[in-house]
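Colleague: Could you walk me through this structure, please? I am new to it, and I would like to go step by step.

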Amino acid sequence: MVIRKFFGVILVIELIVNVFRVADGLSMQYYLISCPFAEQIVRNTVTRALQADPTLAAGLVRMNFHDCFIEGCDGSVLIDSTKQNTAEKDSPANLSLRGYEVIDKAKEELEKQCPGVVSCADILAMAARDAVFWAGGPVYDIPKGRKDGKRSKIEDTINLPAPFFNASQLINMFGQHGFSAQEMVALSGAHTLGVARCSSFKSRLSSLDPNLDSDFAKTLSKTCSAGDNAEQSFDATRNNFDNLYFNALQGKNGVLTSDQTLYASPQTNRIVNGYAFNQAKFFFDFQQAMLKMSLLDVKEGSKGEVRQNCHKIN
């Protein structure tokens, strides 16, 4: 009887482990034993930061995306340049990234509680997730246990989608990472948060763009009159995670070429209309796509490490 109970307990434990195990050594409850308050510490840090500056929600989500699309979700975007190496963060595509201080603060708190346990890559992924929820977006979870990468090079950022890409180029680039056209549009919906700088859309104003509403073109021109760093919101609620971004595209009020092309292209027009009509559908597809993105090129074992300082390789 004792033996039967013993094996019964073992079976239950195995079932629990299998439920939370995802892939590549990751699991939803990776820090349950080694750092049980890890998620709470990250969430509290993000909440305090966003209460002080709501615009950082967009910054954290964007940083997570720029991290995962280069060498996978491995915190490589956090590494500082050195005399011997120019890192990803100093690429023109990354110079406007914001929120590094939030990751640093969370790392500092975690090192006090569980030194050498929680990776910077996991902190960034969790912070982006918590920022989406704080801004009114969907609740979703991601597996933890990814290790920090040991490479960060400026030349790798050529693999980031450019603001002038058309739908075919976007579908191709996202497809290289295993995403469908629908998942690409869902992830693009993260532009419901934040702003774009004039330098990334002013080329649309130099000639007549049939996919740009004439009144909105005047708005963009007025924004750019303040210089290349002047900011334009992607939609009317820059700090709220909703589906107004897709409504804007329907009105030809997309800020970037890579935004408006989603509505202009027959390949993605139907998806945009669906998300504009049904926010719940957008939220569901977004959370599924974010979960998928969190699994890109995960580092494990000797391929990665847990950095002591998120800004430099150990």
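Modeller: Gladly! One term first: a residue counts as buried when its relative accessible area is under 20%, and as exposed when that area is over 50%. Please also keep in mind that this is a predicted model.

Colleague: Thanks, let me try that term out. Is Cys198 buried or exposed?

Modeller: The relative accessible area of Cys198 is 1%. The cut-off for buried is under 20%. Cys198 is therefore buried.

Colleague: And what about Cys224, is that residue buried or exposed?

Modeller: Cys224 has a relative accessible area of 17%. Since the limit is under 20%, this value still falls on one side of the cut-off, and Cys224 is buried.

Colleague: Which parts of the chain does the pair of Cys198 and Cys224 tie together?

Modeller: These two cysteines form a disulfide, with their sulfur atoms 2.0 Å apart. The link is right-handed, with 115 degrees about the S-S bond. Cys198 lies in the loop between β1 (195–197) and α8 (214–224), and Cys224 in helix α8, so the parts tied together are 26 residues apart in sequence: that loop and helix α8.

Colleague: How many disulfides are there in the whole structure?

Modeller: A disulfide is a covalent bond between the sulfur atoms of two cysteines. The pairing, with the bonded cysteines numbered in sequence order, reads 1-4, 2-3, 5-8, 6-7. A search of the whole structure gives the total: four.

Colleague: Where in the chain do Cys35 and Cys114 sit, and how many residues apart are they?

Modeller: Cys35 and Cys114 are joined by a disulfide with 2.0 Å between the sulfur atoms. This pair links distant parts of the chain: Cys35 is in the loop between α1 (2–20) and α2 (38–52), and Cys114 is in the loop between α4 and α5 (120–134). Both Cys35 and Cys114 are buried.

Colleague: What is the handedness of the disulfide of Cys68 and Cys73?

Modeller: The sulfur atoms of Cys68 and Cys73 are 2.0 Å apart in this disulfide, and both cysteines are buried. The torsion about their S-S bond is about 115 degrees, so the disulfide is right-handed.

Colleague: Let us turn to the annotation. Which residues does the "binding site" cover, and why can they be said to gather at one spot?

Modeller: The unreviewed UniProt entry gives the annotation "binding site" to Asp67, Gly72, Asp74, Ser76 and Glu88. They span 22 residues in sequence, yet no two of their C-alpha atoms are more than 12.7 Å apart, so they gather at one spot.

Colleague: Which residues does Gly72 contact, leaving aside neighbours within four places in sequence?

Modeller: Gly72 lies in the loop between α3 (56–68) and α4 (100–113). With 0% relative accessibility, Gly72 counts as buried. Beyond those sequence neighbours, the contacts of Gly72 are Asp67, Leu296, Asp297 and Lys299.

Colleague: And which residues does Ser76 touch, not counting those up to four places away?

Modeller: Ser76 is also placed in the loop between α3 and α4. Its relative accessible area is 0%, so Ser76 is buried. The residues that Ser76 touches are Asp67, Ile70, Glu71, Glu88, Arg151, Ser152 and Arg307.

Colleague: One last thing: which residues line the largest cavity?

Modeller: The largest cavity holds about 30 Å³ of space. Its lining has four nonpolar, two polar and no charged residues. By name, they are Asn64, Ala125, Tyr140, Ile142, Met290 and Ser294.

Note on methods:
Residues numbered from 1 in each chain as written. Predicted model: local features only at pLDDT ≥ 70, side-chain atom pairs only at ≥ 80, totals over all residues. Heavy atoms only, no water. UniProt positions renumbered as here; feature names shortened; annotations may be inferred. Helix = DSSP H or I, 4+ residues; strand = E, 2+ residues; numbered from the N terminus. Buried < 20%, exposed > 50% of the residue type's maximum accessible area, 1.4 Å probe, protein only. Contact = heavy atoms within 4.5 Å. Disulfide = S-S within 2.5 Å. 1 Å grid on protein atoms, 1.4 Å probe; cavity = no way out; pocket = protein on both sides within 12 Å on 5 of 7 lines; lining within 4 Å. Points joined across faces, edges and corners; volume = space filled by probe spheres on them. Nonpolar A, V, L, I, M, F, W, Y, C, P; charged D, E, K, R; others polar.
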